[in-house]
Structures are given as C-alpha cells and as structure tokens.
Amino acid sequence: MIRWLIPMLAALAFIQPVSAQDRMPPAPYAYTQLDDPALEEQARELMHTLRCLKCQSQSIADSDAPMAGDMRHQVRTRIAAGESPDQVREWLISRYGDYVSYEPQVSATTWPLFVLPIVLLVLAGTVLMRRIGRRKGDDAVDDAA
Amino acid sequence: MIAEIGLAALWLGAALAVLQLLGGFLGAREQGSELTPLVRPAAMLQALLCAVSFGALVYAFAVTDLSVELVATHSHSMKPLAFKLSGAWANHEGSMLLWITVMALAGGLIALIEHRLPSRMMMATLGAQAFVAVGFYLFILLSSNPFKRLSPVPADGNGLNPLLQDMGVSFHPPTLYIGYVGLSVAFSFAVGALLTRNVTPEFARVMRPWVLGSWIFLTIGIAAGSYWAYYELGWGGWWFWDPVENASLMPWLAATALLHSASVLAARDALRTWTIMLGVIAFSMSMLGTFLVRSGILTSVHAFAVDPERGSFILILLALYIGGALVLFALRASTIAEGERFALFSREGALVVNNVALSSILGIVLLGTLYPLLTEAFDVRVSVGPPYFNPVSAIFFLPMLAILAVGPLLRWRTDSFRRIRLPVIIIAVVTIAVLALVLALTEIGILPLLGLAMSVGIAIASFMPLRGRNILRTPLPIWGMCVAHFGVAVALFGVAADTAFQQERLVAASPGDVIEIGPWEARMTSVSPVAGPNWTAMQGDLLVSYEGGPVRDAHPQARSFWAPQGETSEVALLTRWNGQLYVALGNMADDGRWQLRLWWKPFVTYIWYGGLLIAFGGMLALLGRVIGDVRRRSAELREDRRRADEAELAAS
C-alpha cells in the first residue's frame with residue numbers, strides 16, 4: 001500500500017504546481033543559471049531542443065510562459081543532480097510524450113524523416129553521375145567527329 | 001461609403017480577371033481571338049482597381065472607421081498612426097487583399113511594359129496570371145471580405161496584438177508578399193512558355209528580372225523577420241525552424257535555385273525543363289507558405305478541422321494550381337527539346353550542383369515542416385526542430401558552399417582544372433588555415449567550426465571572379481554575384497560566430513548590482529515605471545561598458561499593453577562592430593529583485609548585414625539587367641529608324 005502511495009504523492013506534488021502555475025512564483029532555476037558553467041552549458045543545449053508545450057513553436061529556452069519556466073527548472077535541477085542530458089530528455093518524453101523533444105528519434109512513425117535525406121543523397125548522386133557519364137559519351141562523339 | 005467603394009472595386013477587378021482569363025487563353029491559340037486586344041488593358045485596369053480597394057482599406061484603418069468589422073476587431077483609436085496603417089495588413093483579410101493587390105500591380109506592369117515575347121505566349125502568360133488571380137479574388141470576396149460592416153458600431157476597437165506593434169513587423173509582411181507574388185509572374189511565364197512551346201533563352205531573360213526582384217524582396221523579408229524575432233521575443237534567438245519561418249524560407253530556396261538555372265537558360269540555352277519545373281515549384285511554395293500561415297493549420301490540425309472554410313478554400317486553390325501546373329508540365333515536358341549540352345566541370349555543371357543541393361534542402365525543409373502536421377492528423381504528435389534541420393540540411397549545404405566558392409571561376413560549357421588551379425589552392429589553403437587556427441584556439445562544435453572556416457574561404461573566393469577583369473568595365477550583374485556571394489560568407493560568419501561564442505547570463509538583480517558577461521560589465525542603477533500611448537512598462541536602467549571603456553546606457557523594458565492585453569519585452573541592444581550586448585528585463589522575483597537576461601553575441605549582426613548584402617547583390621544584378629534591356633531596346637529603335645530613313649531615301 002505505502003509502496004505505491006509514495007510515487008503517487010510524488011506525482012501529485014509535481015502536478016500541483018503545474019496546474020497552479022500562473023499564481024505561483026517561478027521556480028528557482030527557471031530564471032537562474034547553474035553555478036557550474038559546464039553543467040549550465042549542458043542544460044542550455046538541452047533546453048534549446050525541448051518544446052514549450054504551451055507555446056507555438058518555441059523551445060523552453062526561448063519562452064516566458066510559466067510552464068517553460070517550470071520545465072527549465074526541472075532540467076537544471078536534474079542536470080545539477082548528475083543526470084545526463086539524454087536521461088533528462090528520456091524522463092521528459094516519458095512524462096509528456098515524443099512531442100516535447102525537437103530531436104526526433106528513429107521509430108515506426110518517424111522513419112520517413114530519416115529515409116528522405118538518404119533518398120535525396122542517392123538521387124543527387126545519380127543526377128550528377130549521369131552528367132559525368134554523358135560527358136564521356138559526348139567526348140566519344142567529339143572524337144569520332 | 002469608402003469601404004463600399006473598396007468592395008465594388010474588388011468585384012470589378014474580379015470581373016476583369018475573368019475577362020483577362022478568357023481573352024488570354026483564347027488569344028494563345030493559333031487563330032487568336034477577338035478578346036485579345038482587351039487582355040492588356042484588363043490587366044492594367046485591374047491594377048488600378050485593386051490599388052483603389054487597398055487604399056480604401058488603409059483609409060478605413062487610418063480614420064479608425066469602427067463600423068468596418070475588420071477595423072473594429074484589429075484596431076484601436078489610441079494606437080499610433082503608423083500601427084493603425086500597418087494594422088490594415090496585419091490580419092487575415094487585409095493581408096489577402098494586399099496579396100491580390102500586389103498580384104494585380106505585377107500583372108498590370110507586365111501588360112504595360114513587356115513587348116519582347118511572341119504575342120501568343122504573352123496572352124497565355126496573362127491568362128495564367130488571371131487564372132491564379134480569379135481564385136484569390138473569389139477567396140477574398142466569398143470567405144474573407146475585408147470591408148464587412150458591423151452593426152451596432154462598437155465604442156472602440158479590440159486593438160492589435162502587441163507583438164505586432166512594431167516597425168519591423170509593419171514592413172515584414174508586405175516585403176514577403178511582394179516576393180511571394182512576384183514568383184506568381186515567374187509561374188505565369190513558365191505556364192505561358194509551356195502552353196505555347198516557347199522555352200527559349202528569350203523567355204528566361206524576360207522572366208529573370210521578376211525572379212530576381214521577388215528573390216530580393218524575399219531575402220529582405222526573411223532577414224527582417226529574423227531580426228524582428230530576435231529583438232521582439234526577448235530570448236536572443238534569431239532562427240527557430242518554426243513552420244512560419246520555413247514557410248518563407250521554402251519559396252526563397254526555390255527562387256534561389258530558379259535564379260541560377262534561369263541564368264543558365266538565358267546564357268547557354270541549357271536546363272530548359274528544369275527551369276520550367278522550378279518556376280512551378282517556386283510559386284507552389286509561395287502558395288503553400290500562404291496556406292500554412294493563413295489557414296490556421298499550424299496552431300493545430302484539429303483547430304483547422306473545426307473551422308475549415310478558409311483553409312479548405314486555400315487547399316483547393318493550392319491543389320488546383322499546383323496540380324494543374326504539374327499536369328501541364330507532365331504533358332508538355334516531353335515536347336521540350338533537350339537544351340545545349342555541357343561537361344560536368346563547367347559553369348553549368350557547378351550550377352547544376354547548386355540546384356540539386358538547394359532542391360534537396362528544400363525537400364528536407366518541406367518534409368520537416370509538413371511531417372508533424374501529417375502525423376498529427378493521425379493523432380501522433382512529433383516535433384521536428386533544430387536538432388533535425390541543422391545537421392540534415394548541412395549535409396547538402398556544406399558541399400554547396402564549396403561549389404559556391406569555385407563555380408563562378410569556371411567557364412561555360414567546359415573547363416579544365418589547370419586553368420583555375422591557383423585560385424582554388426589559395427581558397428583551400430586559407431580555409432584549412434582558419435580551420436586549424438580555430439581548432440587550436442577553441443573548443444567549438446563541428447558545424448560552427450566548418451562554418452567559420454568556410455565563411456573566410458568564401459569571402460575571399462567571392463571576389464575572385466573579378467581577377468583579371470577591368471574593375472570599371474565589369475558588368476553590374478557580375479558585381480551583383482560577387483556581392484551576393486560575399487553576403488553569404490558574411491551571414492555564415494555571423495551564424496557560426498554567434499552559435500559558437502555567445503555567452504548567456506540569467507540573474508536576479510537589484511539596483512546597485514554589477515553583472516559581468518564576457519567582456520562587458522553592467523551595473524543596474526534603477527527600475528522605474530514608464531508609460532507609452534497604449535502601454536505601461538517597467539524600465540530597467542543599466543550602465544554598461546565594454547572592457548572598461550566608455551559607459552553607455554541600456555534601458556530594457558517589460559511592457560504591458562492594455563488593448564488587447566499582452567506583455568512584450570523591449571530589449572536593449574548595444575551594438576559594436578564585433579557584436580551585440582542583448583539585455584532583457586523580466587518580472588520581479590518574490591524577493592524584490594528583477595530578472596535580467598543578458599547575452600553577449602559576438603558578430604551576431606553579421607547575419608543580417610550578410611542578408612542585406614545578398615539582397616544588395618541582387619539589386620545590382622537586377623539594375624544591370626534592366627539597364628541592359630533598356631539599352632538594347634533603344635538601340636533597336638534607333639536601328640529601325642535608320643532603316644526607315646534609308647528606305648525613304650531609296651524611295652525618293
């Protein structure tokens with residue numbers, strides 16, 4: 001009983017400030033950097049690749065929205081606690097879904113995003129190769145003439 | 001009354017467009033048509049009518065005529081006059097009226113001045129122009145009437161979104177729209193050439209100024225939009241790969257490709273089908289951009305489905321025009337004879353690489369922009385952002401930059417490496433030297449590193465085509481190319497330097513605090529309230545100095561607008577030759593201190609200087625082409641007159 005109650009309470013504790021965010025003062029790390037420049041750099045890079053869910057096409061590093069501030073706080077706190085940026089991203093994805101990450105992962109739904117560049121590369125290569133091939137043909141014609 | 005005049009003018013314009021459509025396409029046939037003489041006047045009169053209509057809307061906004069619904073919902077009597085005027089096009093209906101007005105002006109202009117092409121092709125071109133215009137007239141008149149009256153008349157208007165109350169954004173949409181719509185002219189010429197089987201160098205020469213012109217406007221529009229986002233959003237970002245930005249980038253990419261392939265067609269009669277194809281794609285991207293921004297589909301696919309009238313209308317137009325043009329292309333492409341051939345190692349070959357790379361980047365941006373919309377329709381939400389666009393587009397962008405450095409040195413048709421060995425070695429050595437130097441001195445990412453090195457290489461390479469030329473006798477278009485390519489180097493340098501070396505400080509400060517950021521030192525002296533015509537603000541007062549130099553003032557503001565309500569950040573920008581200090585004031589923290597955000601952005605301004613240089617290069621090229629055309633025309637006139645005189649002499 002107690003075992004599953006604790007994570008639920010923890011989850012509630014997290015949900016509560018989100019729902020009441022407009023009245024709450026921003027979390028400490030929403031507008032404050034980490035002291036360690038290396039960690040802050042990690043956090044900054046990560047925040048630029050996370051979507052602000054309440055905004056239109058902005059990362060959480062570019063937004064005044066209270067929710068973006070909360071998410072910045074989460075990211076900085078977790079990075080400061082020693083998590084790697086990938087772990088933080090995983091955690092946010094498990095919480096908010098793939099939508100939160102601007103970095104699409106190869107999956108059943110996103111594979112065309114990664115196949116197209118390869119197709120384009122092959123296509124571009126073919127077009128150029130055909131040009132070279134044709135040039136040799138032209139030379140032969142020139143020689144014959 | 002004025003509003004009714006505007007609406008009547010619009011209906012008359014639509015009727016004339018139908019006349020132009022019929023007359024144009026009938027006149028394009030072998031046997032011609034009685035309507036043919038009416039086509040050109042119809043196009044010119046439409047330009048006048050649309051100008052009247054647009055003038056009427058601007059007037060309604062200028063005097064804040066609240067009985068017009070659009071004014072009541074988007075303007076406010078207390079707004080500064082400049083923003084009242086720009087409010088006329090800062091909304092859906094007004095911007096569509098602006099679109100059709102620019103289109104009518106462009107159509108009127110080609111009807112007035114363009115007499116070089118065969119008459120049948122000209123008729124087909126004007127017919128195609130009217131075909132596109134009719135759709136947009138119908139769209140405005142049936143689903144987005146800007147002159148709709150409102151009863152009862154409200155006491156005051158709703159005002160304009162505070163983010164849009166800014167000089168930058170006032171000129172951003174008209175600039176982009178002129179670019180978008182200019183491409184409609186290229187599209188019409190391409191359709192005209194296809195219909196009458198006239199894909200010739202002459203066609204490319206006639207189309208080129210229009211492509212150049214729209215490309216210049218698109219370049220300026222994108223640069224201005226990027227700078228607006230940079231200083232207005234308050235977080236120091238200048239490009240977000242946001243769908244709205246991509247909507248303007250895609251036509252630009254297509255227009256850039258078209259510009260280069262049209263040059264090949266004009267100079268060498270090669271790449272015929274490809275140029276036509278790009279003409280169709282470029283305008284398709286313009287319409288797609290309009291659809292993305294105007295249909296509401298970006299907010300959410302589901303929001304679009306709830307109120308689909310306008311969106312579906314544009315979607316149908318889009319399918320009709322793009323689909324129609326592609327079908328026509330498929331039917332006629334095989335009848336276009338292959339143009340002149342060329343070796344891969346030639347100017348044409350380099351331009352083919354440029355075109356392939358630009359089209360690939362266009363494909364990637366298109367997919368990355370549309371794919372999330374597609375999956376959202378199936379209730380799977382994915383985000384595609386900078387971590388995708390940056391590296392994937394770089395795969396094609398970097399080789400293209402290498403070709404950009406070397407291509408202009410090559411001769412048409414065929415060339416040998418031996419001839420350009422020396423300049424290529426110089427460029428390569430400089431690039432590698434910069435690369436090694438930056439690598440030794442700093443630790444930066446691979447893309448900014450390559451960007452920095454290549455920007456220096458391209459900067460040198462961009463002026464190499466002038467080598468061995470008489471500077472004073474070099475044609476303007478060559479100068480234009482050099483300046484535009486140099487602009488690419490400058491912008492690339494700004495992008496790479498800002499990405500690699502920017503510094504960020506987020507602090508909570510109270511008056512008296514000193515904040516150090518990079519070479520700057522900022523002392524906050526006070527925070528005080530200030531008021532404007534339709535806003536109040538908290539203003540921070542800071543004294544800043546660069547490396548202990550002279551002290552300068554910075555006054556970032558956090559503004560609150562009341563009609564409509566909204567908050568914006570007015571950042572303080574301190575510009576030096578080597579970058580900008582960016583200061584934004586946030587909210588008050590609960591302990592009474594103020595949130596301050598500071599960025600030192602080395603060479604960030606070079607991004608927009610580069611954009612302006614690119615546009616300036618385009619202007620030089622355009623000027624050179626127009627002067628050339630005028631000279632040729634007057635020379636022909638003189639020749640005709642001389643012949644007439646001789647004939648007269650012989651007769652007497």
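**Chain A, residues 111–129.** I looked up residues 111–129 of chain A in this predicted model and found 100% helix and 0% strand, with the end C-alpha atoms 27 Å apart. Helices (H or I, at least four residues) and strands (E, at least two) are DSSP runs, numbered from the N terminus. The UniProt annotation "transmembrane region", from an unreviewed entry, covers these residues; its position is given in the numbering used here, the feature name is shortened, and the annotation may be inferred rather than shown by experiment.

**Conventions.** I noted that local features need pLDDT of at least 70 and side-chain atom pairs pLDDT 80 or more, while totals for chains, interfaces and linings use all residues. Residues are numbered from 1 along each chain as its sequence is written, and chains are lettered from A and ligands numbered from 1 in the order in which they are written.

**Chain B against chain A.** I found 38 residues of chain B in contact with 34 residues of chain A (contact: C-beta atoms, placed from the backbone, within 7 Å). On the chain B side, helix H13 (347–377), helix H14 (386–406) and strand S1 (503–509) each supply at least two residues. H13(B) gives the most, with 11 residues. By class, I recorded 22 nonpolar, 11 polar and five charged residues on this side (nonpolar: Ala, Val, Leu, Ile, Met, Phe, Trp, Tyr, Cys and Pro; charged: Asp, Glu, Lys and Arg; polar: the others, Gly among them).

**Domains of chain B.** An automatic or database assignment sets the bounds, among them domain 1 (1–165) and domain 4 (504–602). Their C-alpha centres lie 43 Å apart. Nine residues of domain 1 of chain B are in contact with seven of domain 4 of chain B; the domain 1 side has four nonpolar, four polar and one charged residues.

Terms used:
Two residues are in contact if their C-beta atoms, placed from the backbone, lie within 7 Å.
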